[in-house]
Every structure is written in C-alpha cells, then in structure tokens.
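Please read it alongside the coordinates.

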Amino acid sequence: MTDLRTGAGAGYVLGEGGGDVIRFLETLMTVKAGSKETGNAFTLLEWTAPVGFAPPPHTHLVEDEAFYILEGSMTVTCGEKRWEAGAGSFVFLPRGVVHGFTITGDKPLRGLQLTVPSGFEGFIAEAGAPADEPVVAAGPDIPRLLAAAERHHIKIHPPSEGH
C-alpha cells in the first residue's frame, strides 16, 4: 500500500511497512504518525529491538509514553516499580517519572509505542539515522544523544538511577 500521509486533519492510510524508518540506538523505529500528521496530538511508532537492548534510564518531562507489545518481552522499571511484560501487554509510563526497560526472552521485541503529545519522532530522527544510511560508528554518539535529549525535554540518567 502507498504512503498516503498528507498532513494534520487530512486522514490517511499507511500500509504495512509504510512510514519513515529510523535506526535509533539498537532499534528500528517506523514512524506511523507524528506531529505533522496528528496536529501535535501524538506520535505512534512501530519498533523492533534485539534481546538485551536496554536504553539508559530516562525521564520524559513533557510527554507520556506507552507500549503495546506484539511479540517478545521486556522487563520495565518505572520509579520504584518493576514489571515483566510479554506479548499482548500494555505498558504506561507517565511523564516526570524515571523509567527504563530491557528486552528479555529469546526473540526480539516488536511493538507499538505511543507518546502524547507528539514530538518523540523528532528526537529519534535527530539522535538516530535513516535506516537506509550505512552504519558509520560502533555504538551511539553519546554527545549527540544527550544534546538531542535536552532539546526534546528528555533527561538521561546514569545507569545506577532507576534501572
């Protein structure tokens, strides 16, 4: 199916595999809807991550984050809470609370990520790279990641904080 996105208020259908694919840390994130399409209401991503992937503990200062797990599993921390979440699970992580997760089990995770309001797609685009660009360095560009996080109101914490 063709990518028929035209902007906020227009409505559209985005077929399987449609959307901008961004390589962010060790994940692949496909932007299904973002600021432009939703009038800044929300961002919806389809994403995959390998077993063992764990972003640093972080706090979203202006957006709530939610995950729906289609395949695979993860251990999630949110403040002092810790949960195991597998296929079919929904995870809600409110703004202002340090959280993180680790992909567990024996297969990659595939899921949907919703952030409200929109804007998270700008962060991953700024800190990541289009999936069709060659990988130029091993590991993330930490100064670029931290600068993008600050611009997008996300606080990255040392691993000892909350994860």
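1. A residue is called buried under 20% relative accessible area, exposed over 50% and partly exposed in between, with a 1.4 Å probe and protein chains only. Thr 115 counts as buried because its relative accessibility is 0%. Thr 115 belongs to strand β10 (residues 109-116); strands (E, at least two residues) and helices (H or I, at least four) are DSSP runs numbered from the N terminus.

2. This is a predicted model, in which local features need pLDDT of at least 70 and side-chain atom pairs count only at pLDDT 80 or more, while totals for chains, interfaces and linings use all residues. Residues are numbered from 1 along each chain as its sequence is written, and side-chain values use heavy atoms, with hydrogens and water left out.

3. Beyond its neighbours within four places in sequence, Thr 115 has contacts (heavy atoms within 4.5 Å) that include Phe 42, Glu 63, Asp 64 and Phe 120.

4. Strands β6 (residues 73-78) and β7 (residues 81-86) pair in the antiparallel sense over 6 bridges, pairing being at least two DSSP bridges between two strands. Met 74 has Ala 85 in β7 as its bridge partner. The two strands, β6 and β7, form a hairpin with 2 residues between them, and Gly 79 in the turn has a positive phi of about 60°.
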